[in-house]
Amino acid sequence: MKLALIQMQVKSTPEENLVKAKTLLSEAVKESIDIAVFPEMFACPYDNSCFPRFAMDKDDPFLLEIGALAKEYGIYIIAGSVPEKFKDNIYNTSFVFDPKGRRVEKHRKMHLFDIDVEGGQRFMESDVLTPGEDFTTFDTPWGKLGLMICYDIRFPELARLLALQGAKGIIVPAAFNMTTGPAHWELSFRARALDNQLYMAGVAPARDVNASYVAWGHTISTDPWGRVLIQLEEKEEIAFVEWDFEYLEKVRKELPLLKHRRKDLYRLTDISNGCSSRLPEPSLWINK
């Protein structure tokens, strides 16, 4: 399975960003890709003031055009994320389109990015955004994939639940910043891949030093052995990477971490009230 991870320079409006996305996608499909992935908040700047202004519903022309592109090129498109308006709330949402242009899944960012690092980054998503509640996987001809958004990757139990649901790879539209990026970006993607013996991809916007929120960039993919397959720097660029699920099964057979879990010492307990129906066991760990 071949992916194009599109590290796009995000412009000021959805109209400008749609033009940019089309241009980059037209380049990406020349490499016979199966899946294209855009960054977190690729429709507008990553800024709390922009989320209400550019919030869109699921049938917004911007998203309909992304679906049309998936159909035109016969590929899956992970539409990074956009500010989604639903009822009275705004979510940070990623939509998945299949090769027929159908919207087959969505993920609303579950963990909101509220941080205040002394001498570094301060950002409060919860001032504007509402957290999602669904654990998200979707099927492809190559295998099941999981979906997160940015800050979600910092919660290992989420990645483990997706792996236990059969995910062989997890795609993460993300926008780490100049404080968290150098410290934790590569480490997070290597750790989640190694712990769960699956592929990871983090797709970031290109860096804009004039933006209110300066992204780290460094779009990345890691493999089930915890190795970095590819990592960009900060400028606008497309990373191409192939995920080999036969290799994944080889790693899981030779070093069977998931099978060696001590379920006699810790177990999954059902806490399904209020959680997603997508998982048969929307669960967390507790001590037996």
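This is a predicted model: local features need pLDDT of at least 70, side-chain atom pairs count only at pLDDT 80 or more; totals for chains, interfaces and linings use all residues.
Strand β13 (residues 220-222) and β14 run antiparallel and are joined by 3 bridges. From here, the tour moves out to the sheet, a hairpin and the nonpolar cores.

**The sheet around β13 and β14**
- Both strands belong to an open sheet of 6 strands with mixed pairing, in the order β9-β10-β11-β12-β13-β14.
- At the edges are β9 (136-140) and β14 (228-231), each of which pairs on one side only.
- From one strand to the next, the twist averages 15°.
- Helix α5 (residues 180-196) lies across β11 (169-173), β12 (199-203), β13 and β14, and runs at about 155° to β12.

**A hairpin to find next**
- Strands β5 (residues 89-97) and β6 (residues 103-108) run antiparallel, with 5 bridges joining them.
- Follow Thr 93 across to β6 and you reach its bridge partner, Arg 108.
- The hairpin has 5 residues between its strands, and Gly 101 takes a positive phi near 85°.

- In soluble globular proteins, nonpolar side chains tend to be buried together.
- Here, the largest nonpolar core has 45 residues, and Leu 3 and Trp 243 have the most contacts inside it.
- Helix α4 (residues 156-164) supplies the largest share of this core, with 5 residues.
- Which residues is Trp 243 in contact with, leaving aside its neighbours within four places in sequence? Among them are Met 1, Leu 3, Leu 145, Ile 170, Tyr 199, Ser 221 and Leu 229.
- A second, separate core has 26 residues, including Ile 6, Ile 33, Phe 62 and Ile 238.

Conventions
Residues are numbered from 1 along each chain as its sequence is written. Side-chain values use heavy atoms; hydrogens and water are left out. A nonpolar core is a set of buried Ala, Val, Leu, Ile, Met, Phe, Trp, Tyr and Cys residues joined through side-chain atoms within 4.5 Å. Buried means under 20% relative accessible area, exposed over 50%, partly exposed in between (1.4 Å probe, protein chains only). Helices (H or I, at least four residues) and strands (E, at least two) are DSSP runs, numbered from the N terminus. Contact means heavy atoms within 4.5 Å. Two strands pair if DSSP finds at least two bridges between them. Axes are lines fitted to C-alpha atoms, for helices over the stretch in contact, and angles run from 0 to 180 degrees between N-to-C directions.
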